[in-house]
Amino acid sequence: MRRGKRFLKLYSLMLTMLATLTILAVVLRPVDGWVPLLKQQYTLHFGPQVLNLHPLATPTPTEPVYEIKAQFHGDSGLISGQMNVTVPELRLDGLPLYLYVPMQVYGVKVNGTAVKAQVSEGQVLVPVKKSTAPQTVTLTFRTQLPKAPSRTGYWQGVATASYWYPIVGVERDGEWMKRPATLGFGDPYLMDLGNYRVELTTPGAFKWYSSGVQTGEQKLEDGRKMLTFQAQKVRNFAMVGGAGFAETKYRTEEGMLVTVASVAKADLGRAAALTRSAVKTYTQRIGTNPYPVLSVLELPAGTIYAHELPNLALFAQDLWEYDDPEHWIVHEIAHAWFYNAVGNYEVETPWLDEGLADYAALLDMERREGAGAYQARINDAWKRFANNYTYSPYPYGTSNRVKTGKSAVPYGTYQTSQAHYYYTYQRMVLMYHDLRKLLGDEAFFKFLKQYYLKNAGRTATRADLEKALADIEPKAVGRLKMWLDTPNDELIGNVAGRFQK
Ligand SMILES: [Zn+2]
């Protein structure tokens, strides 16, 4: 009897709780429902980790030398190649080569002796013992560029060859890192600087733009030609080729050869004007870019929006029809400073290069359109930020999908590009604006210059950003950390007073 009564009480309590939860679930329902949020939380705690990461560890870079002889077969979109890659030393057994795009690899040799390499979809594992002497891996590969408007692809007569050959893996804290997996957005890449000599045979009518300096051109008998390139200290060697590019070139006062090329001749003028402006702004505000070449390329409509490769800034022709083409073009150019000159492991610290490149894009806008335009952009970013709306190019009002995230997290923490843009770009832009207000312009730009100067030509980490700031104003480091590490709901409350007027 007593037991039955207690059970009834418990039963009614459970019913009340269930009813309350149901009402709460309806009342608090996010704009796009609970499913994305639940999925996000599930993946965060139980899903496969994209990487086992230690973002504060000191890089242990290998600087390999790549010699690649490649043949681009024209219409078929096939690239075949022979590659020698030499690592100066090998601190760990078994050298992994990452395959970021599908390709066939065969004929693997180590120091001239054939070996049996394990080839899986994501990487080639070369059986080689650790050594303090240089080790050379030789192999043959075939990469079929998909006939699609993808990052690596052959679309409307333009071949974009990025990550098209096996790339030496990255070592971290005494182990080889696995090749990062992609979620279909952002930059899931991990690589060290390398030095390249590339020989490319191609149909004679093709113009090629690459991460390197072109050092030679030779006509071949069958209407084809051979081009040679060299690139020093680049994270990978990319090439874009096509027969229909219109181009213009100029050399900066500092000596960099800048090429602007477009698939639509009518767009060349505005693309070139933006390029000149951005290169000037970044040189003045951040520092001289030490690389000898930069190419800014307009690709056929439909090709992935906009992205960066070493010494290359790419955007699709239809970007001009979006709300904010200027912003994204100068953003990609800014990656020649942050990502290329000052590198970072993109998959570990996506917020580091994206945040700086995007803030740099605002600096160019400020110079082109004035302080009012800059402030309007900050105001828009703040309104979106405070309402948990993601960043442009998403329309105003698009949910960020994750309300309690942070910025200093590796790629893959956020499973949607809405959350990725919100935490990696938008929150970082507001951070740099807030630091600028705190420090004043003079000290703020010294901080940017210090970070750039100290880290150009290497792979920077979060600690390097903190150090550059501490060298200018140690008291500001707390503000930086707050923006990087505070859960978002708490952060919005902390900073609102400085943004709301
Ligand atoms: Zn970017």
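## Chat about charges, helices and loops

Trainee: Let's start with E442: buried or exposed?
Mentor: E442 counts as exposed, because its relative accessible area is 61%. The cut-offs are under 20% for buried, over 50% for exposed and partly exposed in between, using a 1.4 Å probe and protein chains only.

Trainee: What should I know about the model before going on?
Mentor: This is a predicted model, where local features need pLDDT of at least 70, side-chain atom pairs count only at pLDDT 80 or more, and totals for chains, interfaces and linings use all residues. Numbering runs from 1 along each chain as its sequence is written, and side-chain values use heavy atoms, with hydrogens and water left out.

Trainee: Back to E442. Which residue does it form a salt bridge with?
Mentor: K446, with N to O at 3.2 Å. A salt bridge here is a side-chain nitrogen of Lys or Arg within 4 Å of a carboxyl oxygen of Asp or Glu. E442 and K446 are four residues apart in helix α8 (residues 441–455), which means about one helical turn separates them. Helices are DSSP runs of H or I with at least four residues, strands are runs of E with at least two, and both are numbered from the N terminus.

Trainee: Why does that spacing matter for direction?
Mentor: An α-helix has 3.6 residues a turn, so residues three or four places apart point the same way.

Trainee: And how accessible is K446?
Mentor: K446 is partly exposed, with 42% relative accessible area.

Trainee: Which residue pairs with K467?
Mentor: D471 does, in a salt bridge at 2.9 Å, N to O. D471 and K467 sit four residues apart in helix α9 (residues 462–472), about one helical turn. D471 is partly exposed at 39% relative accessibility, and K467 is partly exposed at 45%.

Trainee: How many salt bridges does the count come to?
Mentor: It comes to 23 salt bridges.

Trainee: What does R479 pair with?
Mentor: R479 forms a salt bridge with D434, and their closest N and O atoms are 3.1 Å apart. R479 belongs to helix α10 and D434 to helix α7, so the pair ties together parts that are 45 residues apart in sequence.

Trainee: Are those two buried or exposed?
Mentor: R479 and D434 are both buried.

Trainee: You mentioned α10. How does it pack with α11?
Mentor: Helix α10 (residues 477–485) and helix α11 (residues 488–499) pack at about 125°, with axes 10 Å apart. The axes are lines fitted to C-alpha atoms, for helices over the stretch in contact, and the angles run from 0 to 180 degrees between N-to-C directions. That makes α10 and α11 oblique to each other. Under 35 degrees is roughly parallel, over 145 roughly antiparallel, 65 to 115 roughly perpendicular, and the rest oblique.

Trainee: Which handedness does the α10 and α11 crossing have?
Mentor: Left-handed. The near helix is then turned anticlockwise from the far one by less than a right angle, while clockwise gives right-handed.

Trainee: What about α3 and α4?
Mentor: The axes of helix α3 (residues 268–285) and helix α4 (residues 325–334) come within 10 Å and cross at roughly 50°. α3 and α4 are therefore oblique too, and α3 passes α4 in a right-handed crossing.

Trainee: How many α4 residues are buried?
Mentor: Nine of its 10 residues are buried, which leaves α4 mostly covered. Among them are W328, E332 and A334.

Trainee: Where is N111, and what is its phi?
Mentor: N111 is in the loop between β4 (104–110) and β5 (113–114). Its phi is near 45°, positive in a residue other than glycine. N111 is partly exposed, at 43% relative accessible area.

Trainee: And the peptide bond from S392 to P393: cis or trans?
Mentor: It's cis, with omega near 15°. P393 lies in the loop between α6 (371–386) and α7 (417–439).
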